[in-house]
Amino acid sequence: MSRLKTYRLAGTMLVLLTIFPLAKLSAQEFNAGVFGGMNASQVDRDGYGGYHNLSFTGGVYVNREFHTDFYWQLELKYEGRGAYYSNSETVEDFNKTSFQYISLPLSVHYLIQEKAQLELGFSPNVLLGFQAYDNQRNQVPLSEPLGGNRRFGLDGFAGFHYWLHSTISVGLRFTYSVIPYSLREGAAVRYLDSGYFHNVLSLTVSYKFLHQ
């Protein structure tokens, strides 16, 4: 899938979920909003460390209070991930990998004194596209669709938000693959050695445009 088609699909899905809460949920006690920001990511078990890969993330959310100061939240999110090898001369295969995902995070949030907010959840995702680049920054041709990576994945995440205003917050989220997005060659006894895992830090700003 080309990058243009990937961005069009992501944009269409985000617009649809933006319209849905307004059309179906506005009469109920739901909150809804948009968010955007930056992912800093790396790949665990590739032998290299550091959150060197930077990419965009953004989406929409709806949430609702189910107990005093406790909320469930559902999001539809587009995000980029991958790895950038700053010492590229030591990497034989490529200099950078780039993944594009559509994710559906579901989480529980706890609001502390209407300012600080803790979150914990999981997120199924769909891989829309994958690109790899060599040391000369040329795109590497793929021998199979999506480079042999899993089409569907699952993440776990935890995060913190701080409300600067009743409608604006900043958030930091840590996301990690529950299952490896790609398997390593050869059998592995330990689960964490069986494949490659996304390790992502997200910094975002949220705007709540529909609230109870």
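A residue counts as buried when its relative accessible area is under 20%. F197 has a relative accessible area of 0%, so this residue is buried. Keep that cut-off in mind as you look around this predicted model, which holds two cavities of 30 Å³ or more.

**The largest cavity**

- Rolling a probe the size of a water molecule over the atoms shows where empty space is left.
- The largest cavity has a volume of about 200 Å³, and 20 residues line this space.
- Closest to the centre of the largest cavity are E75, H161, R173, T204 and S206.
- Strands β1 (31–44), β2 (53–67), β3 (70–84), β6 (116–133), β7 (152–163), β8 (168–177) and β10 (195–210) each bring at least two residues to the lining of the largest cavity.
- Among these strands, β8 gives the most to that lining, with four residues.
- By class, the lining of the largest cavity divides into twelve polar, four charged and four nonpolar residues.

**The second largest cavity**

- The second largest cavity has a volume of about 70 Å³, and its lining is made of 13 residues.
- Y101, N125, G153, L154 and Y181 are the lining residues closest to the centre of the second largest cavity.
- Strand β7 provides the largest share of the lining of the second largest cavity, four residues.
- Here the lining has six nonpolar, four polar and three charged residues.

**The second largest pocket**

- Two or more residues of the lining of the second largest pocket come from each of β2, β3 and β5 (106–112).
- Strand β2 gives the most to the lining of the second largest pocket, with three residues.
- The lining of the second largest pocket splits into nine polar, five nonpolar and five charged residues.

**Aromatic pairs**

- A pair of aromatic rings is described by the distance of the centres and the angle of the planes.
- With ring centres within 6.5 Å as the cut-off, the count comes to nine aromatic pairs.
- F30 and W72 form an edge-to-face pair, at 5.8 Å centre to centre and with 75° between the planes.
- F30 lies in the loop between α1 (3–25) and β1, while W72 lies in strand β3, so this pair ties together parts that are 42 residues apart in sequence.
- F30 is buried, with a relative accessible area of 9%, whereas W72 is partly exposed at 28%.
- Y176 and F197 have ring centres 5.9 Å apart and planes at 20°, so the pair is stacked.
- Because Y176 lies in strand β8 and F197 in strand β10, their pair ties together parts that are 21 residues apart in sequence.
- F99, Y101, F130, Y181 and Y196 are linked into a cluster by ring pairs; Y101 and Y181 are also among the residues closest to the centre of the second largest cavity.

**Charges over rings**

- The charged end of R173 sits over the ring of F157, 4.1 Å from its centre, and R173 is also one of the residues closest to the centre of the largest cavity.
- The charged end of K208 sits over the ring of W163, 4.6 Å from its centre.

Definitions and conventions: Residues numbered from 1 in each chain as written. Predicted model: local features only at pLDDT ≥ 70, side-chain atom pairs only at ≥ 80, totals over all residues. Heavy atoms only, no water. 1 Å grid on protein atoms, 1.4 Å probe; cavity = no way out; pocket = protein on both sides within 12 Å on 5 of 7 lines; lining within 4 Å. Points joined across faces, edges and corners; volume = space filled by probe spheres on them. Nonpolar A, V, L, I, M, F, W, Y, C, P; charged D, E, K, R; others polar. Phe/Tyr/Trp six-rings, centres within 6.5 Å; stacked < 30°, edge-to-face > 60°. Buried < 20%, exposed > 50% of the residue type's maximum accessible area, 1.4 Å probe, protein only. Lys NZ or Arg CZ within 6 Å of the ring centre and 35° of its normal.
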